[in-house]
Amino acid sequence: MRPGLKRILYVVVALGIVLWGVQFSLRAAPAHPKAPPEMPDVLGAFGSDAPVTSADEWLSRRAPILRGAFERLIYGAQPETVSPILTSRRVIDDAAFKGIAVIEEWTLDVPLRAGPIRFHALMIMPRQAKAPLPVVIATNFCGNRAALAGRYRDVDRPAWTPGRCRTPIQQWAAETLHGADIIAPPFATLAKAGYAVLTFFPGEIVEDDPRLSQATLEALAADMDESAPKAGALAAWAWGYSRAIDAVSADKRLDSSRIALWGHSRFGKAALLAAAFDERAALVVANQSGTFGATLSQTTRGESIRAITRKFPHWFSPALPERMARREDLPLDQHLLIALIAPRPILLGGARMDRWSDPANAFAAAEAANPVYALFDRQGLAQTSPSRTDFSGDIATFMRPGGHGVRPRDWRETIAFLDAHF
Ligand code: GCU
């Protein structure tokens, strides 16, 4: 195709995407569910397991049963734990963002039976703050070079990226629709606030593509018990967060008791899953995580189980798609995933125009997890509505104007929540 024609085609496609986004965004999400769907009582009997009456029983008896059920029914299991080897660590810039931070690039090799999985992470470390520093592990959507807005040409660029990252015009469309922060997180703001950030692109661990992901997911399965349900991409990305926790915990400059996970949308789902399975995550922020993130799945609003499993079959355990033809077949709901993170702090970000991720039912899920926080003598969610943000509770939600994406307000709320809880 002639280059001129190709450019016109890109513009038409980009315009189409923007218009589609605008019409979708105009259908605002209701702020509060009229009647939250039925969901199993968080402390009630679960299968043959008797009701839970103490924090001890929750941790030692119920939590392992629930983790097993989430693996079996929805996400698949994670590979057995192996710590990554820090193959190289090099300074990219020792006075970045007008001198306030050091940027390092880490190359991490996770040894697996089928050969190592290599991924790269950027560490952005504020220069003035006192060690050991609290650290936010934040996933990015287009790889590390793009996360630094392409300013450093020698930073690794992943072998595979999704369509939205491939050309400047596609990136522009993604940024227009979802905010510039979706590709390049506001590292300088975080450094100024005293937080170190480790960022990585989960697509380096498993490609976010139904076909391409198959070989990688097979390779991961070789490190799992034969009887374990195979990991889908969400479980593999959650496992990636945990490998990032391994790397961060081995660095004496960082405070391993103040590790926060941050993820948006599909990676918000993965961040919640990671925190539910890995107690070293001291806090988690899931921005607009939606179906199989913080939002209840037994609801008719937002993205349905059918829609998500049809479009993204590779995200889930191979057992999920056909099993989930009927909602009633799922004996679990996402308030139980939230409850598995108790008593650690959770922030759920929502946007008023984002119907798809159904923030009102994420609020309902958080509310339903409260009794587990109470077992630990914690408050859980202290708010009476999704937009009445109250950081005095261990769970908080906020609703900002606009649609699905990562906007400066999302990170402002994150930093305020981190300040309140760390
Ligand atoms: C799609 C998908 C959502 C997901 C979102 C995202 O809209 O249906 O489940 O959260 O992509 O990751 O941006």
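**Close-up views of the predicted model**

**View 1. Residues around the ligand.** For E303, a polar side-chain atom is 2.5 Å from a ligand oxygen. For W356, the corresponding distance to an oxygen atom of the ligand is 2.9 Å. For H404, an N or O atom of the side chain lies 3.2 Å from an oxygen atom of the ligand. The ligand taken alone exposes 320 Å², and the protein buries 87% of that area.

**View 2. S265, a shell residue with positive phi.** S265 sits in the loop between β6 (254-264) and α9 (266-277). The phi angle of S265 is near 55°, which is a positive value in a residue other than glycine. S265 has a relative accessibility of 12% and therefore counts as buried, the cut-off being under 20%.

**View 3. The stacked pair W160 and F201.** Twelve aromatic pairs occur in the structure. In the one shown here, W160 and F201 are stacked, with 6.4 Å from centre to centre and 15° between the planes. The two residues are 41 residues apart, and their pair links distant parts of the chain. W160 belongs to the loop between α4 (144-147) and α5 (168-178), whereas F201 belongs to the loop between β5 (196-200) and α7 (213-221). Both W160 and F201 are buried.

View 4. W315 and F316 form a tilted aromatic pair, with a centre-to-centre distance of 6.3 Å and an angle of 55° between the planes. W315 has a relative accessibility of 2%, so it counts as buried. F316 is likewise assigned as buried because its relative accessibility is 2%. Both residues belong to one aromatic cluster, made up of F141, W237, F267, F292, F312, W315 and F316.

**View 5. Helix α8.** Helix α8 spans residues 233-249 and contains 17 residues. From its first C-alpha to its last it reaches 24 Å, close to the 24 Å expected at 1.5 Å a residue. Of the 17 residues of α8, 16 are buried, so the helix is largely enclosed by the rest of the structure.

**View 6. Two cis peptide bonds.** The peptide bond from A131 to P132 is cis, and its omega is near -5°. P132 is located in the loop between β3 (117-126) and β4 (133-139). A342 and P343 are also joined by a cis peptide bond, here with omega about 5°. P343 is placed in the loop between α12 (334-339) and β8 (346-351).

**View 7. I92 in strand β1.** I92 is part of strand β1, which covers residues 85-95. The relative accessible area of I92 is 16%, and the residue is therefore buried. Along the sequence I92 and V102 are ten residues apart, and their C-alpha atoms are 7.7 Å apart in space.

View 8. D377 lies in the loop between α13 (359-375) and β9 (395-400). Although D377 is not a glycine, it has a positive phi of about 60°. With a relative accessible area of 75%, D377 is exposed. R388 is found in the loop between α13 and β9 as well, and it is exposed at a relative accessible area of 56%. The side chains of R388 and T384 are joined by a polar contact of 3.3 Å. R388 and F398 are ten residues apart along the chain, with 7.0 Å between their C-alpha atoms.

Definitions and conventions:
Residues are numbered from 1 along each chain as its sequence is written. This is a predicted model: local features need pLDDT of at least 70, side-chain atom pairs count only at pLDDT 80 or more; totals for chains, interfaces and linings use all residues. Side-chain values use heavy atoms; hydrogens and water are left out. Helices (H or I, at least four residues) and strands (E, at least two) are DSSP runs, numbered from the N terminus. The expected span of a helix is 1.5 Å times one less than its number of residues. Buried means under 20% relative accessible area, exposed over 50%, partly exposed in between (1.4 Å probe, protein chains only). A polar contact is a pair of N or O atoms within 3.5 Å; within protein, one must be able to donate a hydrogen and the other to accept it, and residues adjacent in sequence count only if both atoms are side-chain atoms. Accessible areas come from the Shrake-Rupley method with a 1.4 Å probe; for residues, only the protein chains shown count as cover. Rings of Phe, Tyr and Trp (its six-membered ring) pair if their centres lie within 6.5 Å; planes under 30 degrees apart count as stacked, over 60 as edge-to-face and the rest as tilted.
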